[in-house]
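Trainee: Could you walk me through this one before I set anything up?
Mentor: Gladly, let us look at the structure together.

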Amino acid sequence: MNDAPATPVGRPLSPGELVTVMSHFHRAEIARMAGWRDRLDRTSNWAITVVAAMLSVSLSTASAHHGVLLFAMLLVLLLLWIEARRYRFFDVYRARVRQFERHYFAQIFSPQPDFASDWLLILGESLRTPKFLVSQRVALARRLRRNYLHMMMILLLAWILKLSTPSLIDQGVPVGFVGTMREAVGAAALGPIAGVVIVTAVALLYAGLLAAAFLTAGDDGELSFGDVHV
């Protein structure tokens, strides 16, 4: 086994060469960040398309079962999970770009003394051993707050409207809002599953989503607040 100390490979870069390398690397990281940003937008667009399609199917006719909206909720949750995973990759490359913006370009335009002089070492370690900067839970919370909670609330309101409006349910009841909560809960039945079970499951789901969106610990940093975020 060779126990000799490792030596740097190559020669030190001149200031001009270093600037060239940093410029090319900055552009490459922007391209990678933009690629993952495009993937985020695609997933959000798929979710919006699912919501629009399922609303159209469910509310257009009384013969459409309310389970279509429940299925839409599951599809949106699946897309949320996929987008949260993509967001973790996006966050890695955006953090590198922000390192350049904060510690390199900002120092050129508005110099500050002793401002994070070791940022290149941090960037180098990130290149040697890439790691996610946020957990899946934090990524889910951020994407929920940005986009998906709104879509889930639209589906919930549509589901309540479907159950509480007899003209939207194929049960031969008079037009008008239901007279009692029991009728709405009964209409929520899904096959052999009683309506009260379905209503309870949906209530727990949305309570969990709200808790995940607003009560997630450790969700801090640039992307969790402020005017410029995704």
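Mentor: Leu-18 is partly exposed, with a relative accessible area of 37%, where buried means under 20%, exposed over 50% and partly exposed in between, using a 1.4 Å probe and protein chains only. This is a predicted model, in which local features need pLDDT of at least 70 and side-chain atom pairs pLDDT 80 or more, while totals use all residues. Residues are numbered from 1 along each chain, and side-chain values use heavy atoms, without hydrogens and water.

Trainee: Which helix does Leu-18 lie in?
Mentor: Leu-18 lies in helix 1, residues 15–60; helices are DSSP runs of H or I with at least four residues, strands are E runs of at least two, and both are numbered from the N terminus.

Trainee: Where is the kink in helix 4 centred?
Mentor: The kink, of about 65°, is centred on Leu-144, the bend being the angle between axes fitted to the seven residues ending there and the seven starting there.

Trainee: What does helix 4 span between its end C-alpha atoms?
Mentor: Helix 4, residues 136–164, spans only 36 Å, whereas a straight helix of 29 residues would span 42 Å at 1.5 Å a residue, the expected span being 1.5 Å times one less than the number of residues.
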